[in-house]
Every structure is written in structure tokens, then in C-alpha cells.
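Please read the following report alongside the sequence and the 3D structure.

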Amino acid sequence: MLNSPGGRFPRPFATHARRAAAAALAVPVLLLTAACGSDDGKTSDAAVAKVTGQPGAKPTISVPKDAKPADKVVTKTVVEGKGAVVKKGDLVRLDFTAQTMKGQNLGSSWTPQPGAKPGAARSQVVTEVTDQMTQQMLPPKVLTAAAGQKVGSRFEVEGTAKALIGEGLNPQSGIKPEDGLVWVVDVVGAQKVDKKAKAEGTQAAPESGMPEVKAADDKAATITIPEGEKAPTNLKQQVLIKGKGPEVKAGDGLIAQYTGVKWEDGKKFDSSWDHGGATAFQIGTGQVVQGWDQALVGKHVGDRVEIVIPPKLGYGASPQHELAKNTLVFVVDIVGTV
């Protein structure tokens with residue numbers, strides 16, 4: 001399973017479905033370990049790799065045969081965008097391509113997903129700009145280099161594996177500490193986030209057979225399963241508060257507050273409120289459970305949505321998952337997109 005931020009309880013986006021969809025994003029051999037940190041990184045303009053192409057299309061990376069990687073982190077803006085400047089703590093949506101300086105592929109968001117339809121939204125990295133290990137595709141030193149870039153920019157980060165990853169380098173990856181690595185990253189979008197944001201408005205009463213939701217300020221919602229009601233076998237959903245913001249489209253980075261409970265016993269298994277507040281993930285690209293993709297694409301910023309997800313659209317595809325047999329009930333406040 002891909003690690004959720006901070007190694008917390010499995011979130012709705014840390015799923016078997018996400019693992020399958022992210023196969024083209026992840027490195028061929030797992031390059032990073034959870035110990036990856038961002039200490040001692042320094043920057044300069046002494047990049048040796050040549051990057052061609054414009055943001056919005058897959059870049060081409062070429063490295064001279066006799067080139068030697070810097071033993072410090074090297075960051076270079078290849079193309080400067082015209083959007084807002086990204087700051088640490090912002091939520092971002094990124095494209096990337098990574099390789100060793102010898103040409104070994106280390107992953108790319110530009111690689112089409114198996115079975116993807118023409119024109120379908122691609123899987124991208126949606127995460128917070130932080131020096132902590134939040135996901136496996138971008139080392140913290142690469143991710144933090146997004147701070148100071150403008151939306152629409154393409155930037156390059158290179159250096160030895162020791163400089164970029166340090167003690168977080170997985171010894172089983174086959175990458176040596178002295179090997180040169182190159183990441184090229186496009187800043188597709190960025191958004192500041194209010195960690196306490198929530199849907200505002202008068203909440204509708206639950207429809208017949210739907211659980212009752214009570215959402216207190218700055219706390220996980222209380223979700224009460226209707227007594228004596230059997231769990232539905234198909235996806236059920238209800239907009240409890242109708243927002244006035246833009247429509248959520250496949251590929252968006254969706255910023256949300258959420259709480260999830262099990263239908264079988266009503267017990268909470270996760271909530272964004274328990275982990276610092278609003279968080280973000282990409283919607284409509286297979287990076288979340290199918291029930292989320294099906295229910296939330298087409299909704300609007302400002303909506304509060306209740307979703308009842310049967311196992312076949314939840315964690316059922318992962319028999320070893322502790323929630324594989326559970327029907328899941330989520331209340332999701334859509335507070336923004338990136």
C-alpha cells in the first residue's frame with residue numbers, strides 16, 4: 001500500500017486501486033524508504049542534464065556521457081510560469097519525469113495508465129509542499145523545490161542519490177549513493193488551504209435508508225447508521241449541503257474534509273479532522289476507492305456529500321485489507337480544488 005501522510009490509518013486514497021493506477025508513477029524498483037528526509041540540501045545552478053520541451057508535454061532529458069552529478073542538490077528553473085508563486089504548505093498538483101543520469105527510468109506521470117481511454121485524465125501527484133515524506137514519487141528535496149516556483153513553471157532537480165535522498169535510499173533499489181538522479185517537474189496547479197475549512201449552509205435531512213450526519217465545528221462528523229437497515233449492495237450518495245463553487249472534474253486535486261465509519265458497527269476508522277484538517281488527493285484517476293471517484297466527480301466546491309460504498313467499490317479489491325469486507329460510509333466536504 002502507498003503510504004498515507006504520516007503513516008496514519010489507511011485513508012480512502014491509500015488503496016489497492018491507487019496502487020494499480022499509480023504503477024506508472026512509481027519507480028520500477030522502490031527507490032525511497034519512509035526514512036527519507038530533506039536535511040542538508042543546498043541549491044545551485046550547475047545543472048548538467050539538458051531538458052527540452054514545454055510544460056504540458058512530456059520533457060526530454062539528455063545527459064552527456066562524461067557528466068558527473070553534483071554532490072549537492074541542484075535546482076534549475078527550465079521554464080518560468082506566469083501563475084502564482086508556490087509557498088511551503090500550499091497544496092500542489094504536479095507532473096514529473098525522473099531518471100538516473102545513465103538513463104534508467106524512475107517513473108513518470110506522463111506514462112498512460114493501462115486500459116486508459118484516449119483523453120482520460122492522467123494520474124498526477126497531488127500533495128502538500130512539505131519537507132516530510134508524504135508519498136513515494138517525489139523525494140522531499142524534490143518536492144520542497146516547488147516552493148518559490150510559479151504555477152505553469154517547469155523545474156529540474158538533480159544530484160547524487162546521496163544528496164537527493166540520503167539515508168532514505170532503498171538499498172534494494174539497485175541505485176548507488178553516488179549515482180546521479182534527475183527529476184523534471186511541472187507545476188500544474190497550487191492552492192493555499194484553510195485546514196479548518198468546511199461546507200457551509202443548511203444541511204438536508206437524510207434520505208430514506210441513509211445514515212444521519214451531525215458535523216460539529218473542527219471535529220470529525222458523527223455518522224449514525226439507521227437501526228435495522230441492511231447495508232446497500234450498490235453505491236448510494238446524497239448531497240447534504242449544496243455548494244456554489246465550480247464543478248469537480250476528473251483529474252482535479254480535490255481538497256476535502258472527510259470522516260469515514262463502518263456500516264457494520266458505526267465505528268469511525270478515519271477523519272481528516274484527526275490529522276490536522278483539510279487534505280487533498282486527485283479525483284477521477286483511480287487514486288482513490290472507486291466509490292469516491294464515482295460519487296465526487298461532477299459535484300461542486302462547497303458541497304457536503306454523504307457516500308455509502310459497498311465493498312466492491314471500496315477496499316474489496318484488496319482481500320488482505322482490514323476493511324475489505326466492510327461497507328463504508330463517508331461524509332465529505334469539498335472545500336476546494338487544485
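The lining of the largest cavity is made up, by class, of eight nonpolar, two polar and four charged residues, where Ala, Val, Leu, Ile, Met, Phe, Trp, Tyr, Cys and Pro count as nonpolar, Asp, Glu, Lys and Arg as charged, and the others, Gly among them, as polar. This is a predicted model, in which local features need pLDDT of at least 70 and side-chain atom pairs count only at pLDDT 80 or more, whereas totals for chains, interfaces and linings use all residues. Residues are numbered from 1 along each chain as its sequence is written, and side-chain values use heavy atoms, with hydrogens and water left out.

A cavity is here a set of points, on a 1 Å grid over the protein atoms alone, where a 1.4 Å probe fits but cannot get out, and its lining residues have an atom within 4 Å of a point. Grid points are joined across faces, edges and corners, and a volume is the space filled by probe spheres set on the points. By this rule there is one cavity of 30 Å³ or more, and the largest cavity holds about 90 Å³ of space. Of the 14 residues that line the largest cavity, Ala215, Ala221, Trp273, Arg304 and Asp333 lie nearest its centre. Strand 12 and strand 16 (328-337) each supply at least two residues of this lining; helices (H or I, at least four residues) and strands (E, at least two) are DSSP runs, numbered from the N terminus.

Strand 12 also takes part in a hairpin with strand 13, with five residues between the two strands, and Gly266 in the turn has a positive phi of about 75 degrees.

| Strand pair | Bridges | Direction | 
|---|---|---|
| Strand 12 (253-262) and strand 13 (268-271) | Three bridges | Antiparallel |
| Strand 4 and strand 8 | Ten bridges | Antiparallel |
| Strand 7 and strand 8 | Seven bridges | Antiparallel |

Within these pairs, Thr259 stands opposite Ser271 in strand 13, Thr97 has Val184 of strand 8 as its bridge partner, and Val157 stands opposite Trp183 in strand 8. Nine of the twelve residues of strand 8 are buried, so strand 8 is largely enclosed by the rest of the structure; buried means under 20% relative accessible area, with a 1.4 Å probe and protein chains only.

A nonpolar core is a set of buried Ala, Val, Leu, Ile, Met, Phe, Trp, Tyr and Cys residues joined through side-chain atoms within 4.5 Å. In the largest such core, of 28 residues, Leu94, Phe96, Leu138, Leu164, Leu181 and Trp183 touch the most other members. The elements that each supply at least two residues of this core include strand 4 (91-100), strand 7 (154-160) and strand 8 (180-191). Apart from it lies another core, of 23 residues, among them Ile283, Ala295, Tyr315 and Leu328.

Ile223, in strand 10 (residues 222-224), counts as buried because its relative accessibility is 6%. Leaving aside neighbours within four places in sequence, the residues in contact with Ile223 (heavy atoms within 4.5 Å) include Thr259, Val261 and Gly266. The C-alpha atoms of Ile223 and Val261 are separated by 7.1 Å, although these residues are 38 residues apart along the chain.

Key: Buried means under 20% relative accessible area, exposed over 50%, partly exposed in between (1.4 Å probe, protein chains only). Two strands pair if DSSP finds at least two bridges between them. On a 1 Å grid over the protein atoms alone, a cavity is a set of points where a 1.4 Å probe fits but cannot get out, and a pocket is an open set with protein on both sides within 12 Å along at least five of seven lines; lining residues have an atom within 4 Å of a point.
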